[in-house]
Amino acid sequence: MMWGMDLFRSITEPIDSELSRFKEHFSSLLDTDDANLAVLLDCLKARNGKMLRPVLALLIGKYYGFPSDSIYNVAVSLELLHTASLIHDDVVDNSMLRRGNASFNAIFDNKMSILFGDYVVGMSLEEMAKTGDGNVSILSGISKTLSSGEIAQLSVRSSLELSEDSYFDIISRKTACLFSNVAYLAARVSGATESEALSFSGFGRMSGLCFQIRDDIFDYLPTECLGKPSGIDMREGKITLPAIYALNASGLDWSDTVRDIRGCVATDEQIKAVTEYTIGHGGIRYAESRMQEFASQALEFLPGDMPDTLRRAFSDYIDLVISRER
């Protein structure tokens, strides 16, 4: 298996020119003559990642031969909505870091971050409106689903139950929703049948579940800057799949610790105890096994007539999602 940038290049090779066009279009939307907005938009422009959701949209567009430029509007719109949701989530969680960088609220404060997040949502709606055919209504539904996932995540903090069903419900709404819908809309604007669009949506959903589980595993692994697990999720009141599995299987009473973590009052010692127990009692292995399960299911959604080179790109895509290092 290839790793890192080699794997990413393998994925994007079939869509190299289209990805360049997407990046140019996305970047152009972040230019403004408004001096106040320019500071915020320049900050956003400086932190673009691999953009896995737009890449998925473009791979689907490649399968259909890019019959419509609307594929770029879909990719941009969903990436903007994703960005806005992260800005808002960091305010809700009082997070000072986002993938090793200072979060927007750490730089600009909560009020400015909320307003800017709203502005980015407006940009997302404007971009989707260019595609017509009722897609703005679908985007509105996605936004509602993202918000309901955040509400569910906050609500679970009052419970001592460690439920996998609840965990998967939340990450389905908060993370997999974006992957599944960027795939669905990309297929839809490319002229796919409803059945075909739903199949690509299934690939996207499985990819999104894998993405979030991988993200959650990172919290239990040593970080480059700290040399130890960050425990950020637990400090924000979140108990994710590795710990849910390990603590449920332990037979020990973790109720006081669970209450303190979800109440955001856990001590360093409590977080360390849960982290070490999770690692030592199969929590990471279990989460990785679920990722592999979803990855295998994702490939089953691909069309049977897909060219081998493109099928390999989709396969590499899911490999990158589950093997990425950050």
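Mentor: A salt bridge is a side-chain nitrogen of Lys or Arg within 4 Å of a carboxyl oxygen of Asp or Glu. This is a predicted model: local features need pLDDT of at least 70, side-chain atom pairs count only at pLDDT 80 or more, and totals for chains, interfaces and linings use all residues. Numbering runs from 1 along each chain as its sequence is written, and side-chain values use heavy atoms, without hydrogens or water.

Trainee: Which residues are linked with Asp89 in a network of salt bridges?

Mentor: Asp89 belongs to a network of salt bridges.

Trainee: Arg21 and Asp69 form a salt bridge. How many residues apart are they?

Mentor: Their closest N and O atoms are 3.0 Å apart. Arg21 sits in helix α2 (residues 16-29), and Asp69 in the loop between α4 (52-63) and α5. Helices are DSSP runs of H or I, at least four residues, and strands are runs of E, at least two, numbered from the N terminus. The pair links distant parts of the chain, with a separation of 48 residues.

Trainee: Is Arg21 buried or exposed, or in between?

Mentor: Buried means under 20% relative accessible area, exposed over 50%, partly exposed in between (1.4 Å probe, protein chains only). Asp69 has 46%, so Asp69 is partly exposed. Arg21 has 39%, so Arg21 counts as partly exposed.

Trainee: Glu127 and Lys130 meet in a salt bridge. What is the relative accessible area of Glu127?

Mentor: The N to O distance of this pair is 3.0 Å. Lys130 is partly exposed, at 49%. Glu127 is buried, because its relative accessible area is 2%.

Trainee: Which helix holds both Arg290 and Glu293?

Mentor: Their side chains meet in a salt bridge, 3.0 Å from N to O. Arg290 is buried at 16%, whereas Glu293 is partly exposed at 34%. The two residues are three apart, about one turn of the helix, and that helix (residues 283-300) is α15.

Trainee: How does helix α9 lie relative to α10?

Mentor: Helix α9 (residues 164-189) packs on helix α10 (residues 194-218) at about 140 degrees, with their axes 6 Å apart. Axes are lines fitted to C-alpha atoms, for helices over the stretch in contact, and angles run from 0 to 180 degrees between N-to-C directions. Under 35 degrees is roughly parallel, over 145 roughly antiparallel, 65 to 115 roughly perpendicular, and the rest oblique. So α9 is, relative to α10, oblique.
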